[in-house]
Amino acid sequence: MSEFPSTARVVIIGGGVVGVSTLYHLAKMGWTDCVLLEKNELTAGSTWHAAGNCPSFSTSWAVMNMQRYSLGLYKGLAEEVDYPMNYHVTGSVRLAHSRERMMEFERARSMGRYQGLSLEMMDLAAIKDKYPFIETHDLVGALYDPDDGDIDPAQLTQALAKGARNMGARIERFCPATGVSRDGAEWIVHTDKGDIRCEKVVNAAGYYAQRVGEWFKPYGGRTVPMTTMSHQFFLTDEIPELKAWTLEQGHKVPLLRDVDSSYYLRQDKYGLNLGPYERNCKAHWITPDDPMPEDFSFQLYPDDLERLEWYIEDAMARVPMLGTAGVGRVINGPIPYAPDGLPLLGPMPGVPNAFEACVFTFGITQGGGAGKVMAEWITQGQTEWDMWATDPRRYTDYTDQEYCNAKAMEVYGHEYAMHFPRHSWPAGRNRKCSPVHDKVLSLGGVMGAYNGWERANWFAQAGDDTSEQATQTWDRDGPWARRVREECEAVRDGVGVLDLPGFSRFNLAGDGAAEYLRGRIAGALPKTGRMNLAYFADDRGRILTEMSVLRHAEDQFTLITAATAQWHDWDVLNTGLPAGLTLSDHTRDYSTLIVTGPASRALFESLDTGADLSLPWLSHQGAEVAGRPCALARVSFAGELGWEIHAANAHIPALYDAVLGAGAKPFGMFALNSLRIEKGYRSWKGDLSTDYTLLQGGLDRFIKFDKPQDFPGKAALLAERQRGVAKRFVTLTVDAGDQDAPYMSTIWHDGTVVGETTSGDWGYRLGGSVALGMIRADLAQPGTALQIDIFGQMRHAVVQPDAPLWDPDNQRLRA
């Protein structure tokens, strides 16, 4: 055996399928000087007891990409590395009990087909044909995935390990990492066998990821947001009826998922494997009387089948032969959950050259894609697909353990839940509240959470149905629809006020701050006393983020971004920040009121602000409203005459009362989304993502190619401009029926998919449905007729001119 390595480019902590896949993909990309540390044997954590199911299905575009890649990798892996694997591609039948579930399936089918998957809708006869042992009397239909199946998790991990070793990467088993330290720009990973100096380190420690994450706190880290859940499944004895059918047909029955009842049922040899996700679920290692052990390798929790009784009975009614066999073996093991059920895959928040590839709930089916994504993050600093859905920075400072536990229990118990556009999950709420939160509630605010911040989605009146059940629909209309219309009309005809806590807010100052920003953004900086939008690109010219830049002096700026972008955009600004510049985060210190509508100037005049209300659009100034100091920014995401009031939290209650007292009608986030989409204003990580370049995004006017600064992506954008842009951002009017186009609805022309929607909503000022999207550039001509697949219905759409649909000349904004 060669000597223990003392240096490496990358050290990966954790030898489950995700850690080993990361090592394999790093070696594939030529980074072979990498070491993986496993404290026991490979697969000793969640991997070894995983069921090994391999679905491609997801309603997340990023997660579907990851899973699709995994299944393609697994099909050829055994031959590539010469390691035998039990990989059974049986197909799967995903059952629907309701119209809403079938609509979800239609959406996933459309997304899957766009990615090259062959998902198909099924009627009851087709279900029975594929799965003859099933009762279908109470079903509506199903979704068939021919690529679904199961794989042996240990064999998969060993195959990836062999491939990594063959390329020169190193795996150290029975070698626990014991801590990390930092020496200049290098990491030192400590083990009992010696220290390893490295450039980059990856936390792939599975359900031990939180413990490993504590090591990084002295270097800017935070507690990893996760909870470990107990997941049980059991294997039956052999079922003669199933054995006879399998031998006769020459293949297994498809994997069955009854997602409305919340379980999967899979053939295992000649028996069945039943795995429920029960509502009465259990988390482990969260109380003093249940401490997390130092080592839980190749171990299980005690059986607890009583929790599963309802699900077992339901499954036996669905597939009666399940009830003819005894229980052969019970598996009850730990599975880590992040608060939204998606993994942590990307840069470690606040820590240089450290990454997380952990908290995978479905690590087997996602492992291949996760390794690819992580290797891209490490070697290139960016990923092929926009992976914000799994980026660890999507969580910020509100995810204490109580929150994580509550959300993990909620997500686990609703593992197969439909994520309706107007629904807000109730667990883990009120983490961060506006200074006028109680006032907003008293006015009828129906709240939603945005990066932990509570904001009103709409304002209910007496008698309106505000129940959670009322929001469980894909349809546009619901108890909120009338109120949202009234809110939009108030902004159109009078004046509205939106309480908007949580804008990410950074101050940048110091000699050279302006020049630093010029070298980072694609466009120009505003003059002192002015503000503008600035776009940051990666080196491929893709849209990294958008910020509002307010300039106070030559080298003094405030940068304001989306609430969810707080930690992401801090990294964008802070990475490579020159010495002598100061960057500070004031997100929690200030709040914002949006006051907008044609009567907004008259409202401010009545309050005697002392401000110059004739200053033009995109100006900002200090003012005093209701005797409270604030800043007034002449800008409106709603597309009407208006101002944003920015003030310290302590002053917001008096300011809100004054604006309401002067006649402003409160409006919420649902109305704001409708208003902004009529203007074609982009939303971050919907319309603006690293899936698109600035030129594709229609942001040409925000790019200053002739400036001397070589901003990131400049060369790539110049090359793209020269060869021609392949896709173009467009606004579409849609004959949408009862639902508006959701994110990633496919856009069709002459029987071919030519693009996708990035957002959609009803425009109450226009009286019609609007979608924003990306389409093939040659079709981005006004008047082009297209179709959009909205929940399986092909809806007529028309490309609109490259201008806002509402107030195309911005006369109302500039009034």
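Is methionine 229 buried or exposed, and at what relative accessibility? Methionine 229 has 0% relative accessibility, so it counts as buried; buried means under 20% relative accessible area, exposed over 50%, and partly exposed in between, with a 1.4 Å probe and protein chains only.

Hello everyone, and a quick word on the model before we go on. This is a predicted model, where local features need pLDDT of at least 70 and side-chain atom pairs count only at pLDDT 80 or more, while totals for chains, interfaces and linings use all residues. Residues are numbered from 1 along each chain as its sequence is written, and side-chain values use heavy atoms, with hydrogens and water left out.

Back to our methionine. Methionine 229 sits in strand S12, residues 227-236; helices (H or I, at least four residues) and strands (E, at least two) are DSSP runs, numbered from the N terminus. Leaving out residues up to four places away in sequence, methionine 229 touches a list of residues including Cys281, Tyr301, Pro334, Met409 and Tyr412, where contact means heavy atoms within 4.5 Å.

How many aromatic pairs does the structure hold? There are 28 of them. For the cut-offs, rings of Phe, Tyr and Trp (its six-membered ring) pair if their centres lie within 6.5 Å, and planes under 30 degrees apart count as stacked, over 60 as edge-to-face and the rest as tilted. One of the pairs is tyrosine 69 with tryptophan 385, edge-to-face at 6.4 Å centre to centre and 65 degrees between the planes. That pair links distant parts of the chain, 316 residues apart: tyrosine 69 is in helix H3 (residues 61-81), and tryptophan 385 is in the loop between helices H10 (363-380) and H11 (401-413). Tyrosine 69 is partly exposed because its relative accessibility is 23%, whereas tryptophan 385, at 8%, counts as buried.

Then there is tryptophan 285 with tyrosine 301: their ring centres are 5.7 Å apart and their planes at 70 degrees, so this pair is edge-to-face. Both of these residues are buried. They also belong to one aromatic cluster, made of Tyr207, Tyr208, Trp285, Phe296 and Tyr301.

Next, helix packing. The axes of H1 (residues 17-28) and H10 come within 7 Å and cross at roughly 45 degrees; axes are lines fitted to C-alpha atoms, for helices over the stretch in contact, and angles run from 0 to 180 degrees between N-to-C directions. H1 is therefore oblique to H10, given that angles under 35 degrees count as roughly parallel, over 145 as roughly antiparallel, 65 to 115 as roughly perpendicular and the rest as oblique. Residues of H1 in this contact include Val17, Ser21 and His25, and those of H10 include Gly363, Gly367 and Met374.

Our other helix pair is H13 (residues 479-493) with H18 (residues 669-678), packed at about 60 degrees with axes 9 Å apart. Trp480, Val484, Glu487, Cys488 and Val491 of H13 make the contact with Phe670, Ala671, Ser674 and Leu675 of H18.

Last stop: where does asparagine 40 lie? Asparagine 40 is in the loop between strand S2 (34-37) and helix H2 (46-49). Its relative accessibility is 17%, so asparagine 40 counts as buried. Beyond its neighbours within four places in sequence, asparagine 40 contacts Arg173, Phe174, Asp295, Ser297 and Phe298.
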